[in-house]
Amino acid sequence: MQKHLKSFDRNRSPTGLLVASTDIQRRRRLNSDYEISFTVPMTSDDYKEKIIPKGHVQDERGQFYVVQSRARDRSNRALTAQIVCTHIMFKMIDFKIPYADYIDEAYGVHISMLLDKITAATGGVYTFQLHDTFDLMDVKDWGRTTALAALQDTVNLYGCEIDPDNTVIHLYKRIGSDKGFQYRLGKNIISDSSKDDYSSLVTRMFSQMKDGRTFIGLSTHHLTAEELSLLQSVPGAIQDGKIMVNYLISSYAQYWTNDVNVFYDGELIDQNIEDPVELLRVTREALRKKEIPEFEIGVSAADIHKIDDEEEPVGLGDTVYAYDPDMEMNMVSCRAMELTEYPFARDKHSQATLANYMLRDDTQVLADLERSKQILNDLLSGGRVRASAFEEFAKQAVIDINNSKSEVIYDSRGIVLQDVDDHDIQVIQTSRGIIITEDGGETARTAITGRGIAAEVIAGVLGSFVSMEIGSGNNVTKINTEGISSGHADWASAPFRVNMQGDVVARSITLTGTIEVSEVFDSDFHAGTITGSWIRTSDPGIFPYAEMKSEDDTFSVWASLGRGIQIGAFRSGGSYMDFVDGERIATVNFDYAAGLTISSPTDIELRGDVYLPWWRFYNISTGQTLQDAIDALWTALAGKANASHSHSVTISDHNHGNLANSTSGGGTFTVL
């Protein structure tokens, strides 16, 4: 067992052991702090020669930590220094992500793409290993500052947990394991404390995404069976197979309900989400984190592994079990979220913070200016509309105004702000409104009156409108909270309408271009051309059905599985028709060179009158036609007697070759 910290210079070349160092403490927090602190006499060689600012120390786990601060203290004659070192992973803060690698907005990005950018930004010093599969995510405003900030954004976006091994960063969906480790009173617990918190309990989670949109109207097949069952218990929450509310209900809601609170509501607003399916997934995850009360356990435990090699120490992120019945802890399952260890002191015991949620504090690596910026963005947009485009326009407008030079004129029209260089450019404020003109007031390029706004161009973002209408009566187009409708004042009666989920209803439509990955139900098609790779009359497994397939250029009619007719455009030199009955196939094949061929695994029976020119039938082996064979047969028959012929035969008496017989049997006989 290593008994002292090792010291290294800035290039990680060894400089010795820190034999005079005391009070060595290591603190690790999941996805947060990794630091070592210790005390060293200022008069020692350790302090004077071995501890170098921005140098390194190495613990018994082989991990390097960077010397970040030295706090000096005089107590009577003793001069000591408190040294604080952070894990070498945090040196990524010294690397800037190149401007060329900045991502304003990208869709369906794999996590490895972002990690490769971070590796490149650090010159290959830091590398990453993925131990789980992460979903593709939409990325916005990534890589604005340092490599460490980019890593934190990546971890937040994909929901990773990190386990650094010096400059190799391992990423998991969940670090640690369940080895059955127990904190037990009477075994290793020296002292403990516990707290449960119900202040953030949520049993119904509402959600919004960009521009205040929700997942209302999404098909219920995106819900789990439990979520669907819970929503169906609320009248109107599910209609026609669609979700009609923007919340999910916890399975624990019934346990917490009372005569004041049927539900404990919470809300999730994420301006970076634009896909309702993604919003549903994030809402589900947020509810799972909030539907169980938070609890936290602090344990000071004896490090039995320091004296018993068969005992394993608890690892960061491990699932552990706490047992102290007097403290209402009966094998409570939780995770080791923070560990404070004394790796080189047998007389000091580790402290662990156990919880069922992710601990957070002000020094956490995952908290920086990005959080403040996100809050500011949400405030500016009222939690509904992203304001970046408008802010850019407003910034340019201020520059243009500051660069302008105007003179104020009072005339019969009102107050006139007139450009000094071009008198035709004016802003006129009258009793009826404001006019902006570029021809001295003859015409208005832009006007604001009590009746409305007239402008050629409105730049920026327009949001939070209740309704917009063009036309009157039923000859009207409307944009409101229901969607876009045209052709009728009533939304439900409009022949054309698009709801907030993108579903379109149209009485008639002309489409050009390509329709991809779509389904059409209960529709008739007239005229035109329908081109497709697979056209069938019913869903797979439902018989009978007909289908056309471009894969093998066939038209088929199937009565049941493996029984039907298939017509193909080309096989073995020509078109064909197969009559399929399982493995038995009868085929009619037309070869452009050889002609028509009929084959069958069983007999072929022709019913009804059949008219065939016999001279067209050939013997395959001899080439003789059926007509030739019939002619030869008639020729042979012509040399034979006809059916009515008769004649007489006279024979003498005879004994059939036996002398013992009498001689007899002779006479004249008639043969027919």
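Which residues of helix H2 (residues 111-121) are buried? In this predicted model, the buried positions of the helix are Ile111, Leu114, Leu115, Lys117, Ile118, Thr119 and Ala121. The elements that cover these residues include strand E8 (103-109), strand E9 (127-130), strand E10 (137-142), helix H3 (147-158) and strand E12 (168-172). After H2 comes Gly123, which has a positive phi, near 70 degrees.

Ile118 also belongs to the largest nonpolar core, a set of 50 residues in which Met92, Ile118, Tyr158, Tyr183 and Leu354 have the most contacts. Helix H3 contributes the largest share of this core, namely six residues. When residues up to four places away in sequence are not counted, Met92 touches Ile118, Thr122, Tyr126, Phe128, Thr146, Ala147, Leu148 and Leu151. Another core, of 21 residues, lies apart from the largest one and has Leu218, Leu279, Ala286 and Leu287 among its members.

Asn188 counts as buried because its relative accessible area is 5%, under the cut-off of 20%. The side chain of Asn188 reaches the backbone nitrogen of Arg184 at 2.9 Å, and, with residues up to four places away in sequence left out, Asn188 touches Phe181, Gln182, Tyr183, Ser300, Ala301, Ala302 and Ile304. Tyr183, one of these neighbours, is also listed among the residues with the most contacts inside the largest core.

Several features concern the backbone. The peptide bond that leads from Phe543 to Pro544 is cis, with omega near -10 degrees, and Pro544 is located in the loop between strand E35 (534-536) and strand E36 (545-549). Positive phi values in residues other than glycine are found at Asp23, near 50 degrees, and at Lys54, near 65 degrees. Asp23 lies within strand E3 (residues 22-29), whereas Lys54 is part of the loop between helix H1 (45-50) and strand E5 (56-58). Lys54 is partly exposed, at 40% relative accessibility.

The structure holds 29 salt bridges. In one of them Asp23 is paired with Lys348, the closest N and O atoms being 2.8 Å apart, and this pair links distant parts of the chain, since Asp23 is in strand E3 and Lys348 is in the loop between strand E22 (329-341) and strand E23 (350-355), 325 residues apart. Both partners are partly exposed, with relative accessibilities of 44% for Asp23 and 28% for Lys348. Arg445 forms a salt bridge with Glu438, with the closest N and O atoms at 2.9 Å; here Arg445 has a relative accessible area of 36% and Glu438 one of 47%, so that each counts as partly exposed. Asp581 and Arg584 form a further salt bridge, in which the closest N and O atoms are 3.1 Å apart, and they are partly exposed at 34% and 46%, respectively. Through salt bridges that share partners, Arg26, Arg28, Asp59, Glu60 and Glu341 are joined into one network.

Towards another part of the chain, Gln624 is found in the loop between strand E41 (595-599) and helix H9 (626-638). Gln624 is partly exposed, at 36% relative accessibility, and, leaving aside neighbours within four places in sequence, is in contact with Phe617, Tyr618, Asn619 and Ala629.

Key: Residues are numbered from 1 along each chain as its sequence is written. This is a predicted model: local features need pLDDT of at least 70, side-chain atom pairs count only at pLDDT 80 or more; totals for chains, interfaces and linings use all residues. Side-chain values use heavy atoms; hydrogens and water are left out. Helices (H or I, at least four residues) and strands (E, at least two) are DSSP runs, numbered from the N terminus. Buried means under 20% relative accessible area, exposed over 50%, partly exposed in between (1.4 Å probe, protein chains only). A polar contact is a pair of N or O atoms within 3.5 Å; within protein, one must be able to donate a hydrogen and the other to accept it, and residues adjacent in sequence count only if both atoms are side-chain atoms. Contact means heavy atoms within 4.5 Å. A nonpolar core is a set of buried Ala, Val, Leu, Ile, Met, Phe, Trp, Tyr and Cys residues joined through side-chain atoms within 4.5 Å. A salt bridge is a side-chain nitrogen of Lys or Arg within 4 Å of a carboxyl oxygen of Asp or Glu.
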